[in-house]
Amino acid sequence: MAKKEVATYSQQTFENIKHIDENGAEFWYARELQSALEYTEWRNFEKSVKRAKEACSASGFVEIDHFVDVNKMIDLAKGAQREITDIKLSRYACYLIVMNGDPRKEVIALGQTYFAVKTRQKEISDTVTELSEDEKRLAIRDEVSIRNKFLASSAKAAGVETPMDYAVFQNRGYQGDRKS
């Protein structure tokens, strides 16, 4: 993947394919994640899914809670439709898939970062009411650190190379300024 392509590939890519079910729970479809992770063939992507399922079970989680087989219709040429199998994935399932993906793909690293950050955010939001003020401060500091690392990797992918350029990049991010 070229640097310019990496620069346009952000966490928004994974947000755009996220779905919310009738209970308000977020999920992703495996075939959409396959495309986002730039797997051209389902059979190659399915290997990562299989390893992720094994990791899920080995970790003591119930596989069906995170990997739900579904069927859906897709449109073909001339208005025809065909039923295909897909998998409804939890955030944890997506995280396991990107952790078991092809490490040579830059997009896999971006996916790992996205799902690690989002998983951590969810953990923090679920336990924030139970934390003392000092623990909340530490959690926020950890979150800022993670986001700054993600910002630094995004800046590097966008071609920011010198410390001065990075300082300008970061300052514009704080200001919400989109001008160059």
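Which pattern does the chain follow when read along the sequence? Colour this predicted model by secondary structure, and you can trace the pattern α-α-β-β-α-α-β-β-α-α-α-α from one end of the sequence to the other, with eight helices and four strands in the chain. While the whole chain is selected, note that buried residues make up 31% of its 180 residues, and that the chain exposes about 11,800 Å², of which carbon and sulfur atoms supply 52%.

**First stop: the core**

Next, select Leu33, Leu37, Phe45, Phe67, Leu89, Ile97 and Phe115, which are the residues with the most contacts inside the largest nonpolar core, a set of 24 residues. Several elements each supply at least two residues of this core, namely helix H3 (30-36), helix H4 (42-58), strand S4 (81-89), helix H5 (91-99) and helix H6 (106-127). In soluble globular proteins, nonpolar side chains tend to be buried together.

Now centre the view on Phe45 and show what surrounds it. Leaving aside neighbours within four places in sequence, Phe45 is in contact with Ala30, Leu33, Gln34, Leu37, Tyr39 and Ile97.

**Second stop: helix H6**

Then pick out the buried residues of H6, which are Val107, Ile108, Leu110, Gly111, Tyr114, Phe115, Val117, Lys118, Gln121 and Ile124. As you turn the helix, bear in mind that an α-helix has 3.6 residues a turn, so residues three or four places apart point the same way.

Finally, switch to a surface display and select Val62, Ile64 and Val68, which form a nonpolar patch with about 240 Å² of accessible area together. Is Ile64 buried or exposed? Ile64 lies in the loop between H4 and strand S3 (67-75), and it counts as exposed because its relative accessibility is 54%, where the cut-off for exposed is over 50%.

Val68, by contrast, is found in strand S3 and counts as partly exposed, at 30% relative accessibility. Not counting residues up to four places away in sequence, Val68 touches Asp86, Ile87 and Lys88. The C-alpha atoms of Val68 and Leu89 are separated by 6.6 Å, although these residues are 21 residues apart along the chain.

Note on methods:
Residues are numbered from 1 along each chain as its sequence is written. This is a predicted model: local features need pLDDT of at least 70, side-chain atom pairs count only at pLDDT 80 or more; totals for chains, interfaces and linings use all residues. Side-chain values use heavy atoms; hydrogens and water are left out. A nonpolar core is a set of buried Ala, Val, Leu, Ile, Met, Phe, Trp, Tyr and Cys residues joined through side-chain atoms within 4.5 Å. Buried means under 20% relative accessible area, exposed over 50%, partly exposed in between (1.4 Å probe, protein chains only). Contact means heavy atoms within 4.5 Å. Patches are made of residues with over 30% relative accessible area and no salt bridge: like charges are joined within 9 Å, nonpolar side chains (Val, Leu, Ile, Met, Phe, Trp, Tyr) within 5 Å. Accessible areas come from the Shrake-Rupley method with a 1.4 Å probe; for residues, only the protein chains shown count as cover. A salt bridge is a side-chain nitrogen of Lys or Arg within 4 Å of a carboxyl oxygen of Asp or Glu.
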